[in-house]
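Colleague: I would like to learn how to read a few features of a model. Could you take me through them one at a time?

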Amino acid sequence: MSLVPPLLRVSASGRTQCASHFLITAQKHSKLLSTRIATGPSLSIEASDIYISTSTSPVWNLSLEDLLFRKASANRPLLLLYRNEPCVVIGRNQNPWKEINQTALRQANVPFIRRRSGGGTVYHDMGNTNFSLHLPRTSFERRKGSELAVEALKKLKVPDVWVNERNDIINARAYHHGTMLLDARIDLLGDILRNTKETMVGRSVASVRSPVRNIVEFKPDVTHKSFSKALCAAFCEKFGAENKVVEIGEEIMEKKAFAAEREFIEESATELESWEWKYGQTLEFTHVIEGTVNERQLHANIVAKHGIITSCRLTMDGKEDGLQSLCADLVGKRYGILQDSEFNVVPSELDVLHWLQHEM
């Protein structure tokens, strides 16, 4: 589901994120993450229906979200709000090379994180407010998350917003993610989320791309604080929750009483930043690349699974002669991370290797 002011659809910029993006996901536990904290309600932090994170670390906030999902009471709705430093967040089953312009990402010095839930790719910075609504399965309805955001925007007198239907996946317990663009770097969002690999195909989930604009273009006085306040009020009205906000951040988790929660978040954050999670979770894909090297036509057909190259075929002017050794060396290497020191190649093959490094 996406929720947008009416004029958001007329932009011709090609930018790809919705002004508010929602997803509902079944609970999925990472195979890598320690399960020393068992699923079930036994949080040491103060009980509440509403939490606001004071951290701006993307991996910390996504780990806190996972902690609350696993450990908070499953019988009551819960709302979490947070802001992140600039980053790109992709869905669990997405391809980072397909979803993100990796060159623009590096140039902007912006990290990307693969979240534990599904859905599409979004850009975060301090100009947008992120929230997740956790619901018991028995009270789940598809429109509740989007309607909550609509009510918050109505309280702020943002004109003419509506909900567009999207397909969602649910199970025994569900939560909605929302990313509300208030005053974000739309230019940077457009550069980083511009797809440059049309010839890369695979089984990964592709984002539904939409042009966007910031809420402040329609209501200049809307801020993170005012939207958060309005969203909390709408949450309490809709679900009968107590308007008691508990702030939680990295400094609070340093207290001895929260040792188990801190350990969980630290392990989760470490995993989210690992190559095995960021890239190694990528489903199999094929990338066909064509170009010119030393005035000769080069064609590459590369297959990778879990971020590792599993097969490669290279031809120069339609012939494989002289490239078989490089192809054999490529198999088993991490896609997109090719270091000269890993290869024992002649100068002509080195030019091809550098071309592949650039094109990946």
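Colleague: Is Asp-49 buried or exposed?

Modeller: Buried means under 20% relative accessible area, exposed means over 50%, and partly exposed lies in between, with a 1.4 Å probe and protein chains only. Asp-49 has a relative accessible area of 11%, so this residue counts as buried. This is a predicted model, in which local features need pLDDT of at least 70 and side-chain atom pairs count only at pLDDT 80 or more, while totals for chains, interfaces and linings use all residues. Residues are numbered from 1 along each chain as its sequence is written, and side-chain values use heavy atoms, with hydrogens and water left out.

Colleague: Where does Asp-49 lie, and which side chain does a polar contact join to the side chain of Asp-49?

Modeller: Helices (H or I, at least four residues) and strands (E, at least two) are DSSP runs, numbered from the N terminus. Asp-49 sits in the loop between strand 1 (2-4) and strand 2 (50-53). A polar contact is a pair of N or O atoms within 3.5 Å; within protein, one must be able to donate a hydrogen and the other to accept it, and residues adjacent in sequence count only if both atoms are side-chain atoms. The partner here is Arg-76, at 2.6 Å. Contact in the wider sense means heavy atoms within 4.5 Å. Apart from neighbours within four places in sequence, Asp-49 has contacts that include Pro-77, Leu-78, Phe-235 and Glu-242.

Colleague: How do I read strand pairing?

Modeller: Strands of a sheet pair through backbone hydrogen bonds, either parallel or antiparallel. Two strands pair if DSSP finds at least two bridges between them. Strand 4 (residues 87-90) pairs with strand 5 in the parallel sense over three bridges, and Val-89 has Ile-113 as its bridge partner in strand 5.

Colleague: Which strands pair with strand 12 in the antiparallel sense?

Modeller: Strand 10 (200-202) is joined to strand 12 by three bridges, with Met-200 opposite His-287. Strand 13 pairs with strand 12 over nine bridges, and Thr-292 has Gln-297 as its bridge partner in strand 13. The covered face of strand 12 holds Phe-285, His-287, Ile-289, Gly-291 and Val-293, whereas Thr-286, Val-288, Glu-290 and Thr-292 are on the uncovered one.

Colleague: What phi does Asn-294 take in the hairpin of strand 12 and strand 13?

Modeller: That hairpin has two residues between the strands, and Asn-294 takes a positive phi near 55°. Asn-294 is not a glycine; with a relative accessible area of 53%, this residue is exposed. Glu-295, in the loop between strand 12 and strand 13, also is not a glycine and has a positive phi of about 65°. Its relative accessibility is 78%, so Glu-295 counts as exposed.

Colleague: And the nonpolar cores?

Modeller: In soluble globular proteins, nonpolar side chains tend to be buried together. A nonpolar core is a set of buried Ala, Val, Leu, Ile, Met, Phe, Trp, Tyr and Cys residues joined through side-chain atoms within 4.5 Å. The largest one has 43 residues, and Val-88, Ile-302 and Tyr-335 are among those that touch the most other members. A second, separate core has 28 residues, including Leu-135 and Val-222.
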